[in-house]
Amino acid sequence: MVKSPGFIAKLRNFRAGIEAGISCLKRAYGGARCTWRGLDHFKAYIWSAVVAHNLALLARLKPA
């Protein structure tokens, strides 16, 4: 196990970020329920939700 407090904090923050991303995909982009049947269709559904989320994030960025 890792005993460094700084590294534990980094891991905790990383996990929190991942959880937030999953929550956003489930809430805003319908990831909680996929009505497309089959594994290939499910992959396409989630892939399109991820792309839409990334485009929305890029659209909110202000030019430097």
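Trainee: What does F7 count as, in terms of accessibility?
Mentor: Partly exposed, because its relative accessibility is 40%. The cut-offs: buried is under 20% relative accessible area, exposed is over 50%, and partly exposed is in between, with a 1.4 Å probe and protein chains only.

Trainee: What kind of model is this?
Mentor: This is a predicted model, where local features need pLDDT of at least 70, side-chain atom pairs count only at pLDDT 80 or more, and totals for chains, interfaces and linings use all residues. Residues are numbered from 1 along each chain as its sequence is written, and side-chain values use heavy atoms, leaving out hydrogens and water.

Trainee: Where does F7 sit?
Mentor: In helix α1. Helices are DSSP runs of H or I with at least four residues, strands are runs of E with at least two, and both are numbered from the N terminus.

Trainee: How many helices and strands are there?
Mentor: Two helices and zero strands. The chain's radius of gyration is 16 Å, well over the 11 Å that the globule rule gives for 64 residues, so the chain is more spread out than a compact globule. That radius is taken over C-alpha atoms, and the rule is 2.2 Å times the number of residues to the power 0.38.

Trainee: What does the C-alpha trace span?
Mentor: About 45 × 35 × 20 Å along the principal axes. F7 and L58 are 29 Å apart, C-alpha to C-alpha, and 51 residues apart in sequence.

Trainee: What share of the residues is buried?
Mentor: 8% of the 64. The chain exposes about 5800 Å², and carbon and sulfur atoms supply 65% of that. Accessible areas come from the Shrake-Rupley method with a 1.4 Å probe; for residues, only the protein chains shown count as cover.

Trainee: New topic. How many salt bridges does the structure hold?
Mentor: One. A salt bridge needs a side-chain nitrogen of Lys or Arg within 4 Å of a carboxyl oxygen of Asp or Glu.

Trainee: Which residue pairs with E19?
Mentor: R15, with the closest N and O atoms 3.7 Å apart. E19 and R15 are four residues apart in helix α1 (residues 5-28), so about one helical turn separates them. E19 is partly exposed at 42%, while R15 counts as exposed at 57%.

Trainee: Which residues form the nonpolar patch on the surface?
Mentor: W47, V51, L55, L58 and L61, with about 570 Å² of accessible area together. Patch residues have over 30% relative accessible area and no salt bridge; like charges are joined within 9 Å, nonpolar side chains (Val, Leu, Ile, Met, Phe, Trp, Tyr) within 5 Å.

Trainee: Where does L61 lie?
Mentor: In the segment after α2 (39-60). L61 counts as exposed because its relative accessibility is 58%.
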